[in-house]
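I opened the model and kept notes as I went. The entries follow the order in which I looked things up.

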Amino acid sequence: MAVPKRKHSKARRDKRRSNVWKMEAPQLVRCPQCNEYKRLHRVCPNCGYYRGRQVVAVKEA
C-alpha cells in the first residue's frame with residue numbers, strides 16, 4: 001500500500017484546500033418593472049414581480 005515517506009506541512013495542505021472556501025458575490029440584474037437590482041430567478045423584493053407577473057404583494061411604507 002502507498003504510504004507517504006515524509007509528512008506534508010500544514011502550509012502545503014492549506015494551499016491545496018484554499019480555493020474550496022472562496023465565495024462569489026451573487027449575480028444581480030435589473031428588475032424590468034421597477035429598475036432596481038435583484039438576484040437572478042427570484043421575485044423582486046422591491047415590487048414583488050417575477051417574469052412580468054405580480055407574485056407577492058409588497059407593503060408600501
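I began with Cys44, which is buried at a relative accessible area of 2%. For burial I used these classes: buried is under 20% relative accessible area, exposed is over 50%, and partly exposed lies in between (1.4 Å probe, protein chains only).

This is a predicted model, where local features need pLDDT of at least 70, side-chain atom pairs count only at pLDDT 80 or more, and totals for chains, interfaces and linings use all residues. Residues are numbered from 1 along each chain as its sequence is written, and side-chain values use heavy atoms, with hydrogens and water left out.

Next I searched the whole structure for disulfides (a pair of cysteine sulfur atoms within 2.5 Å). I found 0. Cys31 is in no disulfide, and its nearest cysteine sulfur, that of Cys47, is 3.6 Å away. Cys44 is in no disulfide either; its nearest cysteine sulfur belongs to Cys34, 3.6 Å away. I also checked the accessibility of Cys31: it is buried, at 2%.

Then I turned to Lys59. I located Lys59 in the segment after β4 (53-54); strands are DSSP runs of E, at least two residues, and helices are runs of H or I, at least four, numbered from the N terminus. Lys59 is exposed, at 81% relative accessibility. I compared its position with Arg42, 17 residues apart along the chain: the C-alpha atoms are separated by 18 Å.

My last stop was Arg17. Arg17 sits in helix α1 (residues 10-17). Its relative accessible area is 44%, so I logged Arg17 as partly exposed.
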